[in-house]
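I opened this model to go through its helix packing and its charged pairs. My entries are below, in the order I worked.

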Amino acid sequence: MSQRRPSKGGEIPQMYNLDEMDRKIIAALHQNSRISYTDLGTQIGLSRVAVQARINALSEKGIIERFTVVINPGKVGLQVSAFFNVDVEPRFLDEVAEMLDEEPAVTSLYHMTGPSTLHMHGIFSNMEEMEQFLLEKLYQMPGIVKVESQLLLKRYKSRMGMRL
């Protein structure tokens, strides 16, 4: 599935009221998005067909944006996890965000209020790779004013998506 992008141009997203069954489906998918429609139906008291129809409707409405897998970075050799506060001149904000969106090391990117324009998370195999990313990519982008970084020491909790 392709990732849905936030709307541009100040559009107000359509809001949907989720009923209790939708909430149960989303909670179950949060725990295990590979659960079969049959097993999920049994778990929440709906038929396989009803579960499938509800999941399709939640996807079509954009409530469920995508199904994904969560990988433990340390287990695949990505040892450095860092958060960056990136100050960008306003006229370059969208351009920089689009370029950073294409970078494989960047796992999340947010336009924030406060002292930083962009808040970014990246994962790297080692400090040298992170330094190369900073010197050869991030610092070369137009409109970059300042970059601050913080290295992650220990992860206590990480949630993909949101809780209802």
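The entries start with ground rules, then take up helices and salt bridges.

**Ground rules**

I am working on a predicted model, where local features need pLDDT of at least 70, side-chain atom pairs count only at pLDDT 80 or more, and totals for chains, interfaces and linings use all residues. I number residues from 1 along each chain as its sequence is written, and side-chain values use heavy atoms, with hydrogens and water left out.

**Helix α1**

I took helices (H or I, at least four residues) and strands (E, at least two) as DSSP runs, numbered from the N terminus. I checked the length of α1, residues 20-31, at the outset. The expected span is 1.5 Å times one less than the number of residues.

Next I looked up burial. I call a residue buried under 20% relative accessible area, exposed over 50%, and partly exposed in between (1.4 Å probe, protein chains only). In α1 the buried residues are D22, I25, I26, A28 and L29. They cover an arc of only 165 degrees around the axis, so they sit on the same side of α1. The arc is taken from the directions from the helix axis to the C-beta atoms.

What do the buried residues of α1 pack against? They pack against α2 (37-44) and α3 (48-60), with contact meaning heavy atoms within 4.5 Å.

I also inspected the start of α1. There a side-chain oxygen of D19 comes to within 3.1 Å of the backbone nitrogen of M21.

**Helix α2**

I repeated the burial check on α2. L40, G41 and I44 are buried there. Seen down the axis, the buried residues of α2 fall within an arc of 100 degrees, so they line one face of the helix. T42 and Q43 are exposed, on the face turned away from the buried side. The buried residues of α2 pack against α1 and α3. Just after α2, I noted that G45 has a positive phi of about 85 degrees.

**Salt bridges**

How many salt bridges does a search of the whole structure find? I got five, each being a side-chain nitrogen of Lys or Arg within 4 Å of a carboxyl oxygen of Asp or Glu.

I began with R54 and D19, whose closest N and O atoms are 3.0 Å apart. This pair links distant parts of the chain: R54 is in α3, D19 is in the segment before α1, and 35 residues separate them. R54 counts as partly exposed at 24% relative accessibility. D19 is also partly exposed, at 33%. I found D19, D22 and R54 linked in a network of salt bridges.

I moved on to E103 and K137, which meet at 3.1 Å, N to O. E103 lies in the loop between α4 (93-101) and β2 (106-111) and K137 in the loop between α5 (127-136) and β4 (144-151), so the pair ties together parts 34 residues apart in sequence. Is E103 buried or exposed? At 15% relative accessibility, E103 counts as buried. K137 is partly exposed, at 38%.

My last entry is E148 with K146, where the closest N and O atoms are 3.2 Å apart. E148 is partly exposed at 40%. K146 is partly exposed at 41%.

Definitions and conventions. A polar contact is a pair of N or O atoms within 3.5 Å; within protein, one must be able to donate a hydrogen and the other to accept it, and residues adjacent in sequence count only if both atoms are side-chain atoms.
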